[in-house]
Amino acid sequence: MGSPSPADQVSRRAQVLAGHLRGLQTSTEPSLSPSPCLQYSPPELASPPPDFNLSDMRKLMDGHNLQDRDWLFGLMIQSKLFNPRVAGGRVFVSPDYSQSMEQQREMTMKRIHYLLDCGVFQEWLTGRGPEVEMRKFALHEVIGMYDHSLAVKLGVHYFLWGGAIQFFGTKRHHDKWLRDTENYVIKGCFAMTELGHGSNVRGIETVTTYDSKTGEFVINSPCESAQKYWIGGAANHATHTIVFSQLNINGKSEGVHAFIAQIRDTDGNICPNVRVADCGHKIGLNGVDNGRIWFDNVRIPRENLLNSVADVSPDGQYLSAIKDPDQRFAAFLAPLTSGRVTIASSAVYSSKMSLAIAIRYSLTRRAFSLTPNQPEVLLLDYPSHQRRLLPLLAKTYAMSFAANYLKMIYVKRTPESNKTIHVVSSAFKAILTWHNMRTLQECREACGGQGLKTENRIGHMKGEYDVQSTFEGDNNVLMQQVSKALLAEYIAVQKRNRPFKGLGLEHLNKSCPDVPSQLTSSTLRSSQFQTDIFCLRERDLLIRFAAEISQLQAQGLSREYALLQSYQLAEDLGRAFSDRAILQTFLDAEAAVSSGPLKVNIGNFLL
Ligand SMILES: Cc1cc2nc3c(=O)[nH]c(=O)nc-3n(C[C@H](O)[C@H](O)[C@H](O)COP(=O)(O)OP(=O)(O)OC[C@H]3O[C@@H](n4cnc5c(N)ncnc54)[C@H](O)[C@@H]3O)c2cc1C
């Protein structure tokens with residue numbers, strides 16, 4: 001048979017189109033009748049209700065400020081700025097990520113002003129005490145569930161800029177800056193990182209000198225690698241910044257200090273001797289305007305040195321109660337702790353969202369029949385699919401308790417607990433954010449192609465949350481600090497012949513736990529056994545790490561070089577410490593639940 005001529009083809013196509021049009025105009029019957037395969041019922045309707053009380057479970061997982069969270073969700077769904085959409089009788093909100101970078105940044109600002117007008121940020125900086133801080137954490141978590149950019153933009157302003165003023169500043173700074181910061185009259189950023197130095201903050205090259213004739217500090221970026229880089233808020237909106245800089249007094253470098261500098265006037269014009277550039281489009285967080293800043297001998301008043309750690313007198317004398325430069329530097333990094341607490345917690349909410357989406361999908365999506373003419377199998381009925389998602393779900397429960405614990409010890413901090421908080425927040429920030437990225441990837445794949453659709457969130461969240469493993473302390477660098485701190489504690493205990501106290505290392509004061517020779521299923525599942533083996537692993541790694549360092553030092557290596565060589569043990573130790581600490585938070589949370597279905601459910605995840 002010959003192929004139809006072009007004229008025949010055109011005529012045939014015209015007939016088909018005419019048929020469609022006639023059908024649209026005249027037919028009363030729908031051309032497509034719904035077929036059963038297109039029907040969808042949400043998993044909560046298709047599955048029996050849970051045997052535990054849902055609101056009790058939520059109370060346990062969110063842990064605090066439930067009403068405040070609901071109030072904020074309510075504010076969001078009421079405003080068009082948050083793009084509310086009704087589906088299945090429920091209101092969903094989500095940013096429009098197809099907007100350009102510039103539009104996303106402007107939307108972030110509009111949303112901030114709306115939340116500001118609603119009183120969301122009240123007391124975020126002027127309030128005091130654990131309750132105020134827990135409320136702030138809860139509201140910030142809700143904001144992050146809506147949009148990571150919005151949370152990060154606010155985090156930079158309230159937690160980093162505001163936190164630096166609270167922690168490094170003294171009364172004069174608190175009186176002058178905190179209320180205006182809380183009310184977003186001034187917009188702050190936090191310029192620590194430079195092009196040449198990120199993790200190594202002590203190596204930054206910005207230099208500040210003091211001019212006693214005018215009573216001013218002079219901030220300078222002496223070379224290209226000294227430009228401040230990645231500074232959230234700097235590209236478009238920030239009016240002021242905390243500048244981290246080497247302080248040079250009378251020719252002597254006193255190390256890194258923090259200053260306040262204005263970079264824009266109230267009309268948004270860049271201040272004299274300041275240059276700003278945009279960091280451009282990123283793989284995520286495009287609602288945040290990250291920028292670069294150069295200071296060309298910018299003059300600021302002497303009072304703009306944040307002087308809780310060290311000061312310079314009007315005649316140019318350097319004054320600090322902390323004589324040890326290492327300790328002084330450590331004091332300057334304190335505000336990063338609150339940032340790490342919020343990052344750890346927000347990573348858990350990201351994991352929860354992605355698991356909720358992927359598990360709900362796996363309860364409705366079917367693929368392949370095992371026998372002909374039988375319904376296809378639900379994804380979650382495949383053991384392999386369960387194996388992919390449910391251990392991540394169990395871990396996310398554990399990490400949720402860990403994040404709640406971290407927030408609690410942070411808001412109840414005392415000078416004595418600061419070291420523990422530093423170590424635990426570093427460890428949890430790294431482990432929880434790594435867990436989140438792993439969870440996002442698995443959930444994305446578990447949703448197949450749908451996981452790639454921006455509207456379905458998971459694939460997009462990978463780009464949004466990836467940065468959490470890098471900013472406010474690169475995860476690998478943080479984990480090194482954790483193992484170093486454990487080693488220092490171990491050496492101090494050996495030297496002073498005193499018991500371990502703090503960091504959860506008290507188990508090393510007891511003799512080594514026995515591993516039963518008969519490992520039955522019930523033994524393996526007992527919390528005592530699990531605690532014992534986690535402690536055993538930590539103990540073993542700590543002792544081996546200390547022994548290896550000491551051996552390398554005995555061979556003539558410096559302590560720092562020995563630490564580099566022992567990186568594998570250090571890494572394993574950091575993880576063992578974190579796993580043991582996280583398991584403990586899970587056991588404590590489960591122990592606090594009274595008997596009933598909720599406790600049984602939580603127990604299932606634990607064991
Ligand atoms: C989106 C975004 C927003 C940001 N916002 C801000 C902000 O508002 N203000 C601000 O000051 N900064 C900000 N930063 C900067 C951020 O804090 C830094 O990127 C971070 O500290 C890491 O520094 P770096 O990028 O120079 O990486 P590097 O420090 O160069 O690290 C690169 C790699 O080397 C590894 N590495 C580094 N040191 C060691 C070591 N001793 N041993 C073994 N491995 C090592 C790290 O693990 C990492 O994998 C932001 C960054 C991004 C991407």
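**A walk from the ligand shell to the helices**

The largest share of the shell around the ligand, 3 residues, is supplied by β6, where strands (E, at least two residues) and helices (H or I, at least four) are DSSP runs numbered from the N terminus. The structure is a predicted model, in which local features need pLDDT of at least 70 and side-chain atom pairs count only at pLDDT 80 or more, while totals for chains, interfaces and linings use all residues. Residues are numbered from 1 along each chain as its sequence is written.

The ligand is surrounded by 20 residues, of which the closest are M192, T193, G198, S199 and W230, and a residue is counted as near a molecule if its C-beta atom, placed from the backbone, lies within 6 Å of it. The elements that give two or more residues to this shell are β3 (188-191), β6 (228-232) and α14. By class, the shell holds 10 nonpolar, 7 polar and 3 charged residues, with Ala, Val, Leu, Ile, Met, Phe, Trp, Tyr, Cys and Pro taken as nonpolar, Asp, Glu, Lys and Arg as charged, and the others, Gly among them, as polar.

The protein is divided into domain 1 (188-322) and domain 2 (336-499 + 520-606), with bounds that come from an automatic or database domain assignment. Between the centres of the two domains, taken over C-alpha atoms, there are 35 Å, and 4 residues of domain 1 are in contact with 6 residues of domain 2, contact meaning that the C-beta atoms of two residues, placed from the backbone, lie within 7 Å. The side of domain 1 that touches domain 2 has 2 nonpolar, 2 polar and no charged residues. Each of the two domains also gives at least three residues to the shell around the ligand.

According to UniProt, in an unreviewed entry, residues 189-298 carry the annotation "domain: Acyl-CoA oxidase/dehydrogenase middle"; UniProt positions follow the numbering used here, feature names are shortened, and annotations may be inferred rather than shown by experiment. This span is 0% helix and 46% strand, and its end C-alpha atoms lie 17 Å apart.

From the shell one can turn to α14 (475-496). Its 22 residues should span 32 Å at 1.5 Å a residue, and this agrees with its end C-alpha atoms, which are 32 Å apart; the expected span is 1.5 Å times one less than the number of residues. Among the buried residues of α14 are N475, L478, M479, V482 and L486, where buried means that 20 or more other C-beta atoms lie within 10 Å of a residue's own, C-beta atoms being placed from the backbone. An α-helix has 3.6 residues a turn, so residues three or four places apart point the same way. The buried residues of α14 pack against α12 (418-446), α16 (527-554) and α18 (567-591).

In the loop between α13 (458-465) and α14 lies E472, which the unreviewed UniProt entry gives as "active site". E472 counts as buried because 23 other C-beta atoms lie within 10 Å, and, leaving aside its neighbours within four places in sequence, E472 is in contact with L336, G339, R340 and I343.

Some backbone angles also deserve a look. Most residues other than glycine have a negative phi. Phi of R457, however, is near 75°, and R457 is found in the loop between α12 and α13, where R457 is buried, with 20 other C-beta atoms within 10 Å. L285, in the loop between β9 (274-278) and β10 (290-295), has a phi near 60°.

How values were computed. A residue is buried if 20 or more other C-beta atoms lie within 10 Å of its own, exposed if 12 or fewer, and partly exposed in between; C-beta atoms are placed from the backbone.
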